[in-house]
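Let's walk through this structure together, starting from a single residue and working out to the sheets.

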Amino acid sequence: MRIFLLLIAFSFLQQPSNAQESAPFFASNPALTPDGQTLIYSYDGDLWRASVAGGVSTRITSMQGYTTNPRVSPDGKWLAFSSTQFGNADVYVMPLQGGDITRLTFHAGNDMVDSWSWDNKTIYFTSNRYSRMSEYKIS
């Protein structure tokens with residue numbers, strides 16, 4: 001019995017490795033850039049960028065509300081995402097390398113980014129507008 005209690009005590013004293021300490025918990029909605037070298041993901045209400053080879057993650061957005069569903073345009077120049085900055089989720093777009101964020105939708109429904117068109121000109125999103133879920137698009 002003493003050995004069992006001793007093993008339990010030692011299991012609580014073990015420290016996690018450095019890799020486990022630096023890894024973000026609850027990272028969600030990952031998206032890869034077209035070249036497959038950079039990962040964009042949602043963590044702690046903002047969007048972050050990290051190299052697939054590892055290293056330090058950098059914050060891309062710092063908006064009020066919760067920012068999620070990052071989608072990189074096929075040409076790798078633009079980042080579309082959804083954010084609840086003004087209460088409900090709307091669609092936003094910004095240059096992938098950083099810059100001004102532009103709000104594209106202004107409806108009371110929740111607009112969640114799904115994907116880009118292959119020509120980089122249209123963003124597709126799901127919305128609960130008019131009390132039903134439907135797919136929409138915006139230039």
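Asn69 is buried, with a relative accessible area of 10% (buried means under 20%, exposed over 50% and partly exposed in between, with a 1.4 Å probe and protein chains only). The model is predicted, so to speak of local features a pLDDT of at least 70 is needed, side-chain atom pairs count only at pLDDT 80 or more, and totals for chains, interfaces and linings use all residues. Residues are numbered from 1 along each chain as its sequence is written, and side-chain values use heavy atoms, leaving out hydrogens and water.

Asn69 lies in strand S5 (residues 67-72); strands here are DSSP runs of E with at least two residues, numbered from the N terminus. Most residues other than glycine have a negative phi. Asn69, though not a glycine, has a positive phi of about 55°.

Now look at Tyr130, whose phi is also positive, near 55°. Tyr130 sits in the loop between S10 and S11 and counts as exposed at 62% relative accessibility.

S10 (residues 123-127) and S11 are joined by five bridges, and Ser127 has Ser134 as its bridge partner in S11.

Another open sheet has four strands in the order S1-S2-S3-S4, again antiparallel. Here S1 (28-32) and S4 (58-59) are the edge strands. S3 (residues 46-51) pairs with S4 over two bridges, and Arg49 has Thr58 as its bridge partner in S4.

Conventions. Pairing = 2+ DSSP bridges.
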